[in-house]
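Subject: Structure handover

Hi,

Here is the structure for you to look over. My notes follow below it.

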Amino acid sequence: MLVSALLVLTSATLYAACFPPWSFTPLIWVALIPFLVALTRHGPLRGALLGLLWGTAIGVETGTWFPGMISVYFEQPAWIGWLSLPVIGMAHAGIYCAAFGAAVGWMARAGVASPGRVALAWAGYELVRARAFGGDPWVLSGYALVHWPTLTQTADLAGPYAGGMLVAAVNALVASRFVPDLRGRRQRWSTAAVGCAVVATIVYGRWQLTRPAPTPDVPVMVVQAGVGRGLHWLPEYQRVGLAEHLALSSTSTAPPALIVWPEYAVSFYPQEASREREELLDGSRRFGSDLVLGAPHYAFTDTAGTVYHNSVFLVRDGDLAGRYDKRRLVPFAETTGTTHYTGGVESGVLTSRAGRLGIFLCFEAMYPELVRETVAGGAQLLLNLSNDSWFGSEAAARHHLEIASFRAIESRRWLLRAATTGYSAVIDPQGRLSRTSSFGRPDVLNAMIVPLDGTTVYQRTGDTPLAIALALAVLLTIRMTRLAR
């Protein structure tokens, strides 16, 4: 068991190295091999324990930014973050990976394991982890492919899980060279199937990257003021943040159709009469552009009294023309405290000069189902406003950007991302970074985009086909096991 545990920890370290800050992504094709080898050495029970260890280790190794966030953002001692990190890793990844470990251990013992079944089990693990109990889709294996655009285009068919299945299948095929229990009963068919999947992914990716596309003709601007904020709204930030954003937005020689500011771009309430509100509205008149920005909002209700929202406002010609309230709130950071936020109930589609805008705030970018709802509501252009300064880590901010880029592929829409301190970006419908900001300082991104319509397979079907495939695979595997007895 000790040898198996060492193999698992080695695998977790290789896997973590595929993501920022290291981003040594070629390792993704071998990172799971030690883990799979270890699982085949034991039955379901010990396989579950090894899966729990792997998932917990991944949570720790890819969450080293967490203690710093606890210290800076929540103003708590860093040691609290270090002590809680393994618990968080276990809860958000370890428990789900334990089920994967048990499944692989059981299949290996029953003689029905194969690269294809391992890949489906892996997809099931990632899907459940991303969706169950609020979901935690951080460092899914498919996101490690972001630097190979040819391999990420299948996201418009099955979301980020398509790439994850390919990664798992290749790892399982290579591992089967060392472990006969992973070869399946038809080894040649398994090898051919994985080979065909790789070729099909490459062919489909090349076709998507080279097919004709509408010429971008709508000018847009993304503003990153570089003004980071913690949990408290300092009075001096209220003036500095607004002034910085207004100044940077005035740098364009010709007015763009749309200017995008980040989440929490201002900390005053735009609905209230104030000097800051008048400066904001006057600025929008001078720009001659539609302006989208993040700001707080409150409303009075009969049942809950005053409720507060983390919101996005559309400002046009000096008037507040639309608003979106964040739906998926960050646990603890936005759901507790004396002035906690209440989640919105409607998908954010705001009509602008640049087209119909699909809005999602900060870590809402991690949830494909939220963006699918927005596109289904008629969005032609995606906007992700974010405040990544709360990470306290450039590496975490970079990975957040990589995750967001998949939402562009899944919907085949341009995506504008405005972050307080970075990374801001303009992302094309193939997930490529057309423009990217510097990190930690002010920056302005000017680009040309085009609003797009149409739907993709993933937009229409979501995760339903994958769930059906998983159910059928489970039933077929159980039947094969019974027949083998």
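Helices (H or I, at least four residues) and strands (E, at least two) are DSSP runs, numbered from the N terminus. This is a predicted model: local features need pLDDT of at least 70, side-chain atom pairs count only at pLDDT 80 or more, and totals for chains, interfaces and linings use all residues. Residues are numbered from 1 along each chain as its sequence is written, and side-chain values use heavy atoms, without hydrogens or water.

Helix H14 first. H14 covers residues 394-411, and its end C-alpha atoms lie 27 Å apart. At the helix start, a side-chain oxygen of Ser393 comes within 3.3 Å of the backbone nitrogen of Ala395.

Now the sheet. It is open and mixed, with 6 strands in the order E6-E7-E8-E9-E10-E11 (strands pair if DSSP finds at least two bridges between them). E6 (348-352) and E11 (433-436) are the edges; each has a single partner strand, so one side of each lacks a neighbour in the sheet. E10 (residues 425-427) and E11 run antiparallel, joined by 3 bridges. Val426 has Arg435 of E11 as its bridge partner. H14 packs on this sheet, touching E7, E8, E9 (415-419), E10 and E11 (contact means heavy atoms within 4.5 Å).

Best wishes

Terms used: Expected span 1.5 Å × (residues − 1). Polar contact = N/O pair within 3.5 Å; in protein donor to acceptor, adjacent residues only side chain to side chain. Axes fitted to C-alpha atoms, helices over the stretch in contact; angles between N-to-C directions.
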